[in-house]
Amino acid sequence: MTEGVLVLGGGLAGVACAQQLAQDGIEVTLVDRNDYHQFQPLLYQVASSQLPAEDVARPHRTIFQKTPAVKVMTAGVSSVDLAAHSLTLAEGRTLSGSHVVMAAGGQPNFFGIPGAAEHAFPLYSVADAERLRLQVKSVLQEPRPSGGDEVPARNIVVVGAGPTGVETTGALSELIEALRADGKEANTGTVFLVDRGEVLLGGFSDKAHNYAHRKLTEAGVQIRLGAGVAAVHPDGVALDDGSTIPSRIVVWAGGESAAEIASAAGSMRGAGGRIDVRADLGVGDLPGVWAVGDVANIPDGAGGTLPQLGSVAQQSGRWAAQNIVRQQRGEQTKPFAYKDKGIMAMIGRNAAVAEVGKHRHQVDGPIAFAAWLGVHAMLLSGVHARTDAFLTWAWDYFDRDHAATLESSARPQRIAWGDDGDDQPHIRLDKPASVGDHTTTVRGETHG
Ligand SMILES: Cc1cc2nc3c(=O)[nH]c(=O)nc-3n(C[C@H](O)[C@H](O)[C@H](O)COP(=O)(O)OP(=O)(O)OC[C@H]3O[C@@H](n4cnc5c(N)ncnc54)[C@H](O)[C@@H]3O)c2cc1C
């Protein structure tokens, strides 16, 4: 039995693709190992106790509640036969479709550095963000040893000075600063940012590099550039200059590669293990096979590929859907035309950089924050109707007392999405890879 178009992955790319196909009256089966969409750009707010996990995880069944053409399946996919347009679920069942859209995203890349996979905390999923938050909380709230014993190090080390590393460093240093200012915790340690490159925010302009460097230094962050990580141990990071930073909280923002399931594309993979796609987002010479978002190397029209960004994922998901519709009407597919929204990073309270427009005009401070907000509201609008609630939260968030959140058992203030109590994702902290045993299917409004 065919399941319409099969979409593997319910991130920004998969959701946008399914929504566009449904809008054009095409039946879709969207398969994801989690029963929720995770909004990655807000993960570090969860890790730094500024948002509860459920605010960045929206159940797929809620997103598609009013879209009966989209059937949602919560199941791990263990293998894919691209030529046959089929997905085999971890539980053993095989689904076949008229087309298959690979939208499986990425995963952290530890580059084989000893101890990194075991001891560092990546930030790629809601479960990762929760794990990191709990580790920060447990280390910072550890009771002092009795007698004259030394307090073990409470430093935080962030590896990788791209936008994710810089944003996470900013948020965690604000948390530390708020705890210190609160006077309840004097020994909060230092936040370190480590990168083997020579600048922060590598893809940005020199002005942005310097701005980020200055803002983080003012916030008390120790920046170690030109230093690679040689190994990660349970109690510290060894750098390749021979030095060691004692730490039990090592955040991995050092790189990403394609999701494991991309290996189904065999030799049609390129940099980062991602699937190389044609200009129209199709894969190789296989009819009816597409790859979008972080799992794909998407040509940028100038000999390179587009970066792994939310707007690339969302727009490519939509574009692949439109090309499927064109094919079904017997029309020619069209090459993907990316509308560049610019690049931006929020470094902390009232500290942000953005490079917008054709000529990458650089802005910082509140204007950059407003640009960041605009782009994130647009990304969120694909999964939440209430982007106004996000905007209200975001402006308010600058005045929040983060320390109070960590110190008490109180939960951080939620975004007022207006969801009802049942509308909760099932977030699991263990690795969610083998969920084939509890496959569930939801179509339209028939499930609550
Ligand atoms: C911490 C962080 C911060 C970021 N900040 C920004 C930002 O500020 N602005 C910006 O534009 N971009 C940002 N990005 C990048 C952006 O979030 C991604 O480019 C985008 O979310 C990718 O969407 P996607 O749909 O391709 O993949 P994903 O969102 O990763 O979705 C892939 C989905 O596939 C599912 N899946 C994978 N394998 C399987 C399998 N075998 N079986 C079943 N399901 C499977 C996963 O569960 C997941 O739901 C950030 C990324 C991170 C990690």
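**Strand pairing and the ligand shell in a predicted model**

Strands β15 and β16 form a hairpin, with two residues between them. Strands here are DSSP runs of E with at least two residues, and helices are runs of H or I with at least four residues, numbered from the N terminus. The structure is a predicted model, in which local features need pLDDT of at least 70, side-chain atom pairs count only at pLDDT 80 or more, and totals for chains, interfaces and linings use all residues. Residues are numbered from 1 along each chain as its sequence is written, and side-chain values use heavy atoms, with hydrogens and water left out.

β15 covers residues 229-233. Its pairing with β16 is antiparallel and runs over four bridges. Two strands count as paired if DSSP finds at least two bridges between them. V232 has V237 in β16 as its bridge partner.

β16 (residues 236-239) is covered on both faces. G236 and A238 are buried on one side, and V237 and L239 are buried on the other. Buried means under 20% relative accessible area, with a 1.4 Å probe and protein chains only. In a regular strand, side chains alternate between the two faces of the sheet.

β16 also pairs with β17 (residues 244-246). Three bridges join these antiparallel strands.

β7 spans residues 86-89 and is joined to β6 by four bridges. D81 stands opposite S86 in β7.

The ligand is surrounded by 28 residues, where near means that a heavy atom of the residue lies within 4 Å. The closest are A13, D32, V77, D294 and G310. Helices α1 (12-23) and α8 (310-328) each supply at least two residues of this shell. The largest share, three residues, comes from α8.

Taken alone, the ligand exposes 1,000 Å², and the protein buries 93% of that. These areas come from the Shrake-Rupley method with a 1.4 Å probe.

Technical notes
Buried means under 20% relative accessible area, exposed over 50%, partly exposed in between (1.4 Å probe, protein chains only).
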